[in-house]
Amino acid sequence: MTRKRDIKQFRQACKEAGLTAYERYEASQSLHAYKESGGGREDMSYGELLAWLREWKESWRPS
């Protein structure tokens with residue numbers, strides 16, 4: 001049940017950050033890698049997630 005809420009929250013944060021569907025996919029991949037590397041907590045608050053997405057969008061460049 002928590003997983004569905006996390007996905008809904010992630011999608012909402014992406015929408016609020018102004019990400020496209022493609023950027024949302026890339027951000028998801030980056031966020032998973034970031035968490036696996038120990039860079040971020042597994043359970044980010046909505047505010048932390050939104051801040052992370054905005055920072056990611058500023059620095060991300062499509063390959």
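**Terms and values in the predicted model**

Mentor: D43 lies in the loop between α2 and α3. This is a predicted model, in which local features need pLDDT of at least 70 and side-chain atom pairs count only at pLDDT 80 or more, while totals for chains, interfaces and linings use all residues. Residues are numbered from 1 along each chain as its sequence is written, and side-chain values use heavy atoms, with hydrogens and water left out.

Trainee: Why is D43 called exposed?

Mentor: Exposed means over 50% relative accessible area, buried means under 20%, and partly exposed lies in between (1.4 Å probe, protein chains only). D43 has a relative accessible area of 55%, so D43 is exposed. The C-alpha atoms of D43 and D6 are separated by 9.1 Å, although these residues are 37 apart along the chain.

Trainee: What makes K15 exposed or buried?

Mentor: The relative accessibility of K15 is 65%, and therefore K15 counts as exposed. K15 has its place in helix α1, residues 2-17. Between K15 and L50 there are 9.7 Å in space, C-alpha to C-alpha, and 35 residues in sequence.

Trainee: Which class does A51 belong to, and why?

Mentor: A51 has a relative accessible area of 44%, so A51 is partly exposed. A51 is found in helix α3. From A51 to A17 the C-alpha distance is 8.5 Å, and the two are 34 residues apart in sequence.

Trainee: How many helices and strands does the protein have, and how are they defined?

Mentor: Helices (H or I, at least four residues) and strands (E, at least two) are DSSP runs, numbered from the N terminus. The protein comes to three helices and zero strands, in the order α-α-α from the N terminus on.

Trainee: Why is the protein called as compact as a globular protein of its length?

Mentor: The radius of gyration, taken over C-alpha atoms, is set against the globule rule, 2.2 Å times the number of residues to the power 0.38. The radius of gyration of the protein is 11 Å, close to the 11 Å that the rule gives for 63 residues, so the protein is as compact as a globular protein of that length. Of the 63 residues, 30% count as buried.

Trainee: Why is the pair of Y22 and W60 called tilted?

Mentor: The ring centres of Y22 and W60 are 5.9 Å apart and their planes stand at 55 degrees, so the pair is tilted. Y22 lies in helix α2 (residues 21-36) and W60 in the segment after α3 (46-59), so this pair ties together parts that are 38 residues apart in sequence. Y22 counts as partly exposed because its relative accessibility is 46%, whereas W60 counts as buried because its value is 14%.

Trainee: What kind of aromatic pair do W56 and W60 form?

Mentor: W56 and W60 form a stacked pair, with 4.9 Å centre to centre and 20 degrees between the planes. W56 is buried, and so is W60. Y22, W56 and W60 form one aromatic cluster.

Conventions. Rings of Phe, Tyr and Trp (its six-membered ring) pair if their centres lie within 6.5 Å; planes under 30 degrees apart count as stacked, over 60 as edge-to-face and the rest as tilted.
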